[in-house]
Amino acid sequence: MKEPEKRMPLSTVALVFGGISIPLAFAGHLCSLAAVFGFYGIGIGFWCRWKASKHFLRYTPGSVRRARIGLVLSAIGTGCALLMWALWASNLLLN
């Protein structure tokens, strides 16, 4: 018997953390906060991916897609945050 589909837990959280990490990376000295949000989003995104592969067809396609997009956005935001962190630390942005 097929289980009823339900929303994946924390898929929206991964999307929000990924989406907010990108603008925070470029907002002054908030790149460390963006890196933290990005790392949390990556961790939650990988957890969601693991849950989706473990319980195939249990979760709605929209929630799986949100988790995947959140994982990608978190990776991009973390990369941008680490790049901006290096630029601020090397003083290249102030010259």
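Thr 78 has a relative accessibility of 5% and therefore counts as buried; the class buried covers values under 20% relative accessible area, exposed those over 50%, and partly exposed those in between, for a 1.4 Å probe and protein chains only. Thr 78 belongs to helix α3, where helices (H or I, at least four residues) are DSSP runs numbered from the N terminus.

The model is predicted, so that local features need pLDDT of at least 70 and side-chain atom pairs count only at pLDDT 80 or more, while totals for chains, interfaces and linings use all residues. Residues are numbered from 1 along each chain as its sequence is written, and side-chain values use heavy atoms, with hydrogens and water left out.

**Surroundings of Thr 78 and Phe 39**

Apart from neighbours within four places in sequence, Thr 78 is in contact (heavy atoms within 4.5 Å) with Ser 21, Ala 35, Gly 38, Phe 39 and Ile 42. With the same exclusion of neighbours within four places, Phe 39 has contacts with Thr 78 and Leu 82. The C-alpha atoms of Phe 39 and Gly 18 are 9.0 Å apart, although 21 residues separate the two in sequence.

The expected span is defined as 1.5 Å times one less than the number of residues. Helix α2 has 24 residues and reaches 34 Å from its first C-alpha to its last, close to the expected 34 Å.

Which residues of α3 are buried? They are Ser 63, Ala 67, Gly 70, Leu 71, Ser 74, Gly 77, Thr 78, Cys 80, Ala 81 and Met 84. These buried residues pack against α1 (11-25) and α2 (31-54). In α2, the buried residues include Cys 31, Ala 34, Ala 35, Phe 37, Gly 38, Gly 41 and Cys 48. Their cover includes α1 and α3.

**Helix packing**

Helix axes are lines fitted to C-alpha atoms over the stretch in contact, and angles run from 0 to 180 degrees between N-to-C directions.

| Helix pair | Axis distance | Angle | Handedness |
|---|---|---|---|
| α2 and α3 | within 7 Å | roughly 150° | left-handed |
| α1 and α3 | 7 Å | about 25° | left-handed |

The angle in the α2 and α3 pair makes α2 roughly antiparallel to α3, whereas that in the α1 and α3 pair makes α1 roughly parallel to α3. Angles under 35 degrees count as roughly parallel, over 145 as roughly antiparallel, 65 to 115 as roughly perpendicular and the rest as oblique. A crossing is left-handed if the near helix is turned anticlockwise from the far one by less than a right angle, and right-handed if clockwise.

**Aromatic pairs**

How many aromatic pairs does a search of the whole structure find? The search finds two. Rings of Phe, Tyr and Trp (its six-membered ring) pair if their centres lie within 6.5 Å; planes under 30 degrees apart count as stacked, over 60 as edge-to-face and the rest as tilted. Phe 17 and Phe 37 form a stacked pair, with 5.1 Å between centres and 15° between planes. This pair links distant parts of the chain, as Phe 17 is in helix α1 and Phe 37 is in helix α2, 20 residues apart. Ring pairs join Phe 17, Phe 37 and Tyr 40 into a cluster. Phe 17 has 21% relative accessibility and therefore counts as partly exposed, while Phe 37 is among the buried residues of α2.

Cys 48 is found in helix α2 and is buried, with a relative accessible area of 1%. Not counting residues up to four places away in sequence, Cys 48 touches Met 8, Pro 9, Leu 10, Ser 11 and Ala 67. Cys 48 and Pro 9 are 39 residues apart in sequence, yet their C-alpha atoms are 7.6 Å apart in space.

Leu 10 is found in the segment before α1 and is partly exposed, with a relative accessible area of 41%.

**Positive phi values**

Most residues other than glycine have a negative phi. Leu 10, which is not a glycine, has a positive phi near 70°. Asn 91 also is not a glycine and has a positive phi of about 70°. Asn 91 lies in the segment after α3 and, at 37% relative accessibility, counts as partly exposed.

Technical notes: Helices (H or I, at least four residues) and strands (E, at least two) are DSSP runs, numbered from the N terminus.
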